[in-house]
Amino acid sequence: MRQKKQSMGCFNILKKRRDFRKTYAGGKVVADGHLVIYYKANNLGISRFGFSVSKKVGCAVKRNKVRRILKEICRKNQEKFLNGRDYVIVSRPGIVGKSYQKVSEILLSNLRRLG
RNA sequence: UGAGUAAGCUGGGUGAUCGCGGGUACCAGGCCGAAAGGUGGUGCCUGAGGAAAGUCCGAGCUCCGCAGGGCAGGGUGCUGGGUAACACCCAGUGGGGGCGACCCUAAGGAAAGUGCCACAGAAACAAACCGCCACAUUGGUGGCAAGGGUGGAACGGUGCGGUAAGAGCGCACCAGCGGCCGGGUGACCGGCCGGCUAGGUAAACCCCACCUGGAGCAAGACCGAAUAGGGGAGCGGCAGGGCGGCCCGUCCUGCUCCCGGGUAAGGUCGCACGAGAUGUCAGGGCAACCGGCGUCCCAGAUAGAUGAUCAUCCAAGACAGAACUCGGCUUACAGGUUUACUCACGGC
RNA sequence: GGCCCCAUGGUCAAGCGGUCUAAGACACCGCCCUUUCACGGCGGUAACCCGGGUUCGAAUCCCGGUGGGGUCA
């Protein structure tokens, strides 16, 4: 499967393919129809984020929009994520077209479930 | 006023706060890394499209030793011009469509050769089923191709003459073919004359003319550590291998001499000043385009930068996101807007 | 980002301008066989990805689009 992964400058991001694979393989999962969140302790004392939006979600404009909203939500709500974990947030096709507020509700409710 | 044709332009705006990529100036001279190298803060500047798309053509650039010859293969196909080049663009020619503005057109060659033309039909390039006529008189011999019938297509078409019946057998016009004359750079057009017939298909093979080496920025170049082995020149031409397929040719492996280097994870460059944008000239040209002069620098990421919130205006925002770069084509697309022209109706 | 393939019933697939009204197999439906099921036999439903063009005629040839898949660091 082809995936698109982005970085951000202001907070820590996952870049390496092996980091993604480690998180997929050794981590825990919370998911619903819109998102899948993988997470795993990283022993670094800080949180890192990775985003994956496959071509199944839509065309380039739609994928960019989804990724940018997710990135903004994570940046503004960093304190709600536990430190010392790697997070990989995978988008599913149902998320296309949702507003920032809708996506924020979806992401934060999933976050509460992972605890 | 309505209907329409053609060619363009535009593709939400403004303000505030937080956040991101790039450049630059100043400050800091710390942190990460084995090294190469990367990274911070503040201010200022800047930050997706007309299609950025599809990857359908054409180029630049890079490597394949040189980018060489022939064959094969591939492409283009009315004419002239534009261009770096093109399958693109402009102007024209022929054909087709529309009352018209205007639009469409893969449009060389079928007397160089080969193949195919199912079914039907006598016959599909080779003729005679029903027929017509003459002589015989019943089953024959000879002549003919008008009419019927089949088919997408039937051996030029219509009319008059002619004949036993008929036929370009003769004549007129039309279509087609050849020749001559005139015009045009040319495709072609106009006129005259001649003989009297040549089916279609080349987006079937093919012939003719012209073009064409292959891959692609994940090309490729460099840096550093480790591990271990290479590169250049000359000689030689037997064997093996490489250079897009084959042949020629040529290079490497071989020997001698010399020199200091290749490969995977990583990093840097390539990577943005260019067939560049824009304005102008009573510039050249019907035009595409070309030329002169002036002004400007206009994304450059590398897991990949444009988002969020608020206010406000309106017609309430379509299709859609750069990834080496250009020139085209094709496809997607809400709305707004400009110019020229055509037809119909009405008024002056 | 570049390059390269493929598309025919529900599935796997043959075809290479004309008897295509499209072969075959599995699957599905009905009938027969069997006490019943399975096997077997007979019959049936069901397809050329879409839009143009060439041709008398296109699943096939040409052009454009759509949807899948592979490969290159």
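**Exercise 1. Cysteines**

Classify Cys59 in this predicted model: is Cys59 buried, partly exposed or exposed?

*Solution.* 
Step 1. Take Cys59. Its relative accessible area is 40%.

**Exercise 2. Salt bridges**

How many salt bridges does a search of the whole structure find? Which side chains meet in them?

*Solution.* 
Step 1. The search gives two salt bridges.
Step 2. One joins Glu72 to Arg75, with an N to O distance of 3.0 Å.
Step 3. Another joins Lys76 to Glu72, at 3.8 Å from N to O.
Step 4. Look for shared partners. These salt bridges link Glu72, Arg75 and Lys76 into one network.

**Exercise 3. Placing the network**

Where do Glu72 and Arg75 lie? What separates Lys76 and Glu72 in helix α2? Are Glu72, Arg75 and Lys76 buried, partly exposed or exposed?

*Solution.* 
Step 1. Glu72 and Arg75 both sit in helix α2, residues 60-76. They are three residues apart, about one turn of the helix.
Step 2. Lys76 and Glu72 are four residues apart in helix α2, so about one helical turn separates them.
Step 3. Read the accessibilities. Glu72 has 25% and is partly exposed. Arg75, at 35%, is partly exposed. Lys76, at 48%, is also partly exposed.

Note on methods:
Residues numbered from 1 in each chain as written. Chains lettered and ligands numbered in written order. Predicted model: local features only at pLDDT ≥ 70, side-chain atom pairs only at ≥ 80, totals over all residues. Heavy atoms only, no water. Buried < 20%, exposed > 50% of the residue type's maximum accessible area, 1.4 Å probe, protein only. Salt bridge = Lys/Arg side-chain N within 4 Å of Asp/Glu carboxyl O. Helix = DSSP H or I, 4+ residues; strand = E, 2+ residues; numbered from the N terminus.
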